[in-house]
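Please open the structure in a viewer and follow the selections below in order. Each stop names what to select and then describes what is there.

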Amino acid sequence: MQIGLVGLGKMGGNMRERLRNAGHTVIGYDTNREVSDVDHLSDLVDRLDGPRVVWVMVPAGAATQLVVDQLGTLLRHGDVVVDGGNSRWTDDEKHAKELHARGIGFVDAGVSGGVWGLKNGYALMVGGDEEHVELLKPIFDALKPDGPYGFVHAGRVGAGHFAKMVHNGIEYAMMQAYAEGWELLERVDSVDNVREVFRSWQEGTVIRSWLLDLAVNALDDDEHLERLRGFAEDSGEGRWTVEAAVENAVPLPAITASLFARFASRQEDSPQMKMVAALRNQFGGHAVESAEKA
Ligand SMILES: O=C(CO)[C@H](O)[C@H](O)COP(=O)(O)O
């Protein structure tokens, strides 16, 4: 099958390779000319036969909106756009509506697998109409892992990205739990080899997982993570998960705490803990530390 792929970064570039390895014809476009197969997005569209399928793999938000707008003018009735980035599910409804007005279909695909996806396949969580999902089946089959799982048509437009958002919320909380356990083990004198404790958990335990395997990889590389600073960014999915929880009055204490832990990681000092220290000092005369000492 033929497909256009817009965005050839860490994810899109590897997806192009996996699709080509499976025998599909992929025309890739990226603003980085060194990796792009064509000079312009319009060239990509011109090189595809109809019904044309274009998979968008660019950062969520303004970048995705720009590409969707451009494709809206370049594609024709019956063509289909797939957003495989980490877009907010509410953006999907908007994009689907805009494209639908021009007779162009829209499918949202949450994609998980990171830089390992080329080898292991990408788990896909898809939202959209059955006819569009069916059209894309050969592409999904090539991208997904080889086993029986790793693909779901989760529901209507937006459902794929909603499922991926919740997946990422779970990812936040799992990472935070491993990180907290690791810090506690590192702190106590009684445990001699924390890395070996983590390694031992990789088989037979209740908490074995791919994230645990990756934690062991990281500790093999830098046993006490001394080369890293305790600073973690976020790309939005954790915030959207918490926002959706508030909107639906669903308690998500673990995921929310893991999101907030990332915010805390970006502070040199904690303004709120200054206030806690000041109040303890006010009511109980408890000792405080000077800012100069820190
Ligand atoms: O989707 C992913 C993994 O599943 C991406 O790696 C995503 O960027 C991770 O989210 P965040 O940057 O907020 O940690």
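**First stop: Lys164**

Select Lys164, which counts as buried because its relative accessibility is 4%; buried means under 20% relative accessible area, exposed over 50% and partly exposed in between, with a 1.4 Å probe and protein chains only. The model is predicted, with local features needing pLDDT of at least 70 and side-chain atom pairs counting only at pLDDT 80 or more, while totals for chains, interfaces and linings use all residues. Residues are numbered from 1 along each chain as its sequence is written, and side-chain values use heavy atoms, with hydrogens and water left out.

Lys164 is found in helix 8; helices (H or I, at least four residues) and strands (E, at least two) are DSSP runs, numbered from the N terminus. In an unreviewed entry, UniProt places the feature "active site" at Lys164; such positions are given in the numbering used here, feature names are shortened, and annotations may be inferred rather than shown by experiment.

Next, display the contacts of Lys164, where contact means heavy atoms within 4.5 Å. Leaving aside residues up to four places away in sequence, Lys164 touches Asn86, Gly110, Val111, Ser112, Met125 and Glu237.

**Second stop: the ligand**

The surrounding residues are Asn86, Lys164, His167, Asn168, Glu171, Tyr172, Asp234, Ser235 and Arg262. Helix 8, residues 159-187, gives the most to this shell, with 5 residues.

Colour the shell by class: 1 residue is nonpolar, 4 are polar and 4 are charged. Here Ala, Val, Leu, Ile, Met, Phe, Trp, Tyr, Cys and Pro count as nonpolar, Asp, Glu, Lys and Arg as charged, and the others, Gly among them, as polar.

Of the 370 Å² of accessible area that the ligand has on its own, the protein covers 68%; accessible areas come from the Shrake-Rupley method with a 1.4 Å probe, and for residues only the protein chains shown count as cover.

**Last stop: the whole chain**

Zoom out to the chain, which holds 13 helices and 7 strands. Its C-alpha trace spans about 75 × 40 × 40 Å along the principal axes. Of the 294 residues, 40% count as buried. Among contacts between residues at least 6 apart in sequence, 64% join residues at least 24 apart.

Note on methods:
A residue is near a molecule or strand if one of its heavy atoms lies within 4 Å of it.
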